[in-house]
Amino acid sequence: MAAVTEEQQDSPTRKSSDQLKEKIFQRNEGVPGDMGEQEDYGLEFLEKEQSDILKSSRNVCELLAKIREETGSLEEQVVNVCSSVPPKVAAALSAAVEVRCSLDELLQREQRISSRVQQHLQGANQWMEDLGQKCNHVDFIERSMKYLKGLHHIEELSAAVQQSLMINSVWDAIKGVESMAALDCGLNQSQCSHLRDFLRKTLCFWHNIIKDRLTSDFEKVLAQLQWPIITPNQSVTPPANYQELSSQLEGLLLQLLALQTSDDLISQRASASTQGPPPGSSFTLSPAAPPLCLPIQIMLQPLTKRFRYHFYGNRQTNSIHKPEWYLTQVLKWMEISSTFMEEKIQPVFDRSGQTISAKVALCQGLVCLVQEKVTSDASRMLYDDGLFCHLVEEVLQFEKDLRTHHSYPAMLPALLHILLDNAFLQKWLAVEKKMAVEKMDAMLSAEGAWSSQYKDISDMDELKAPECAETFMTLLQVITERYRALPSPAAQLKFFGLQKELVDDFRIRLTQVMKEESRCPLGLRYCAILNTVNYISTILRDWGDNVFFLQLQQAAVSLGQQEVLGSLEMTEVGRLASLEGSLFDGLLSLLDRLKGDMLARLLHFLMRDTAEKAQPYCQERWLSIPPPQDQSAMSLSSSACPMMLCLRDRLLNLQQVLSVSLFQLAWQGLAEKLDNFIYQEVILSNHFSDGGAAQLQFDMTRNLFPLFGHYCRRPENFFKHVKEACIILCLKVGSAILLKDLLKHSKQETTDFEGPSPESALNELGVFCLAPCDVLILLNLKASMDQMS
């Protein structure tokens, strides 16, 4: 009954809801699609969100009234908006029409103004053409006036110079020439070629006249002062009018120095026009050298004439085989003229404020003469090795004397830069290599090649270098001294590359000879080869720390010289740049490898010989040797005598034939091998009674160790295995048993055992090298231990 009642109560609500839906559907039938979709959406919304409202008819009526009210207000707003839009659109259209009208008016005005401007320009073009013609005419007249003024100024300067020369006012004439030179510099960029040519010809004309006059007067004064000084014994007695001549000399020097500006200008223009040195000029140096001043040029003229007279043409003194003749002559002129230059010329230069060194300037001019001669002769010697080599030697000696005895500045080039020409440099390298190879062939085939020239002098024979080794290193040193003075690091590195090639070639030759002598490593020649390898590597290591080679190393890294660096990795190049390595590292590694191989072969031969002599000793009956107290006196085992004698003789022989460092490596290597041999073949291969252990210890400590005691203070340190094995074998029975128990317990790792560690116990006995397991083996070799067990 309750259920029926609830359904009856809900039925009016359901009816009202259904009626509302029917009304909405009826309304949707006459509306457009979009509006219908909106009402469908509203209906769905009411069904989903307002389902509680739809259950009450009163709420539905209120909602319907509210929706109608909102719909009416929205319709009124739409009507108001639609009614207000047309007046705004009309106002905008009218404004656009007004703008269009004003734009048309502006375009019409622009066309009118443009036509008027074109008419005005057409009328003004004629005026512009007339005005341009008049301006051009004015410019032409102005340029002509300037041209005439310049020409007049040149004529005035020329007339002033002429007038000054007529009244012997040389200083005024020099000032006029200087003004012409300054004007010439100002017209350097001018396009008035005829005016420039006229000025330059006028300048050269008056400059040459003044220069010739001053030169003539200067030469007369120099002749009275007995210049040039040709021979060292030439008597230079001061003339009666010495003071007057000194005053004239100073005045002429100052005038010539004042004329220097115009002279430099003329010389530069002449060299530029010919694209090279003027023909017949004796004073053209390399580009790095400053030009010579006029007084020095004049003073050099008589020396130049003498030089060309004696060392050119068909004179006997002009011999291509004797370059030392003209080189020595020039050095003599420098030496005997230095006093005159320092006492007579240099004070005038100083008072004039010049920074010129009279002595250096004279040397510079004389060097230029030699440069021309050397260049000419060197090109004729390219196909004659002997002549070219002799010329290089003389040039190097000349350069050395010039720099050391005559204080010629390093900034000024002398003769070495001539040898840096590619043709001359390649020839020099080829001659160096050819002569070095010939000398290597000769030194290795010489009779005393493998004997030391200092063998009778113990203080000087520490390295025991054979004669061929010293000759080879001297050859390398001489090559270094020859190219050390070259002004180009790149050229120096080429010679360094040649040295490396020669060292490697010499190493290969040594290897070939060593293989022939390898059957007898203890022979004199084999040991001499070993000494040679050690000597070369020692010298090269010293060179690696030399300042010159360190500078070459930096140059090689900065220039990236692949001929010297080879195929080094970036890390190795970085080591060279930081000076951690040297340029000789590659060669040193090859030499050290050869030295190591030769030492290993020598030690192998020694040990093989020693092992043969030690066979009776290895087979000694150590168990049957009585204890020491049963012997009257202990002596060396008879079976050990051959081995000891062999060792003594071999060591003495090696000490005599090997260098100190090599002999030290040899006896230490032999001691190491001998220690291992005796430990393995004698000790571990036998059992020992107490007498046998005592005899072994006596043989080792009183005989073997003293053999090596001649070469070190504590030889037993090189026989650690044998020494410690003797300590263990000579232990008393009680100590040996305790030690054996200790080692066994420590090996079994028992936790209930309390006592010292095996290592500390062994250290107390003096055993540091042998391991506990080795000590157990040695203890088992004691016969007394077997009897106790």
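I take buried to mean under 20% relative accessible area, exposed over 50%, and partly exposed in between, with a 1.4 Å probe and protein chains only. The model is predicted, so I note that local features need pLDDT of at least 70 and side-chain atom pairs pLDDT 80 or more, while totals for chains, interfaces and linings use all residues. Residues are numbered from 1 along each chain as its sequence is written, and side-chain values use heavy atoms, without hydrogens and water.

**Ser 407.** I looked up Ser 407 in the loop between α12 and α13; helices are DSSP runs of H or I with at least four residues, numbered from the N terminus. Ser 407 counts as exposed because its relative accessibility is 53%. Leaving aside neighbours within four places in sequence, I find Ser 407 in contact with Val 360 and Leu 402 (contact: heavy atoms within 4.5 Å).

**Helix α14.** I checked α14, residues 422–445, and found a reach of 35 Å from first to last C-alpha, close to the expected 34 Å (1.5 Å times one less than the number of residues). Its buried residues include Trp 428, Val 431 and Met 440. Among the elements covering the buried residues of α14 are α11, α12 and α16.

**Core.** I then turned to the largest nonpolar core, which has 202 residues; such a core joins buried Ala, Val, Leu, Ile, Met, Phe, Trp, Tyr and Cys through side-chain atoms within 4.5 Å. Leu 704 is one of the residues with the most contacts inside this core. Not counting residues up to four places away in sequence, Leu 704 touches Met 644, Leu 647, Leu 674, Ile 678, Asp 699 and Phe 719.

Key:
Helix = DSSP H or I, 4+ residues; strand = E, 2+ residues; numbered from the N terminus.
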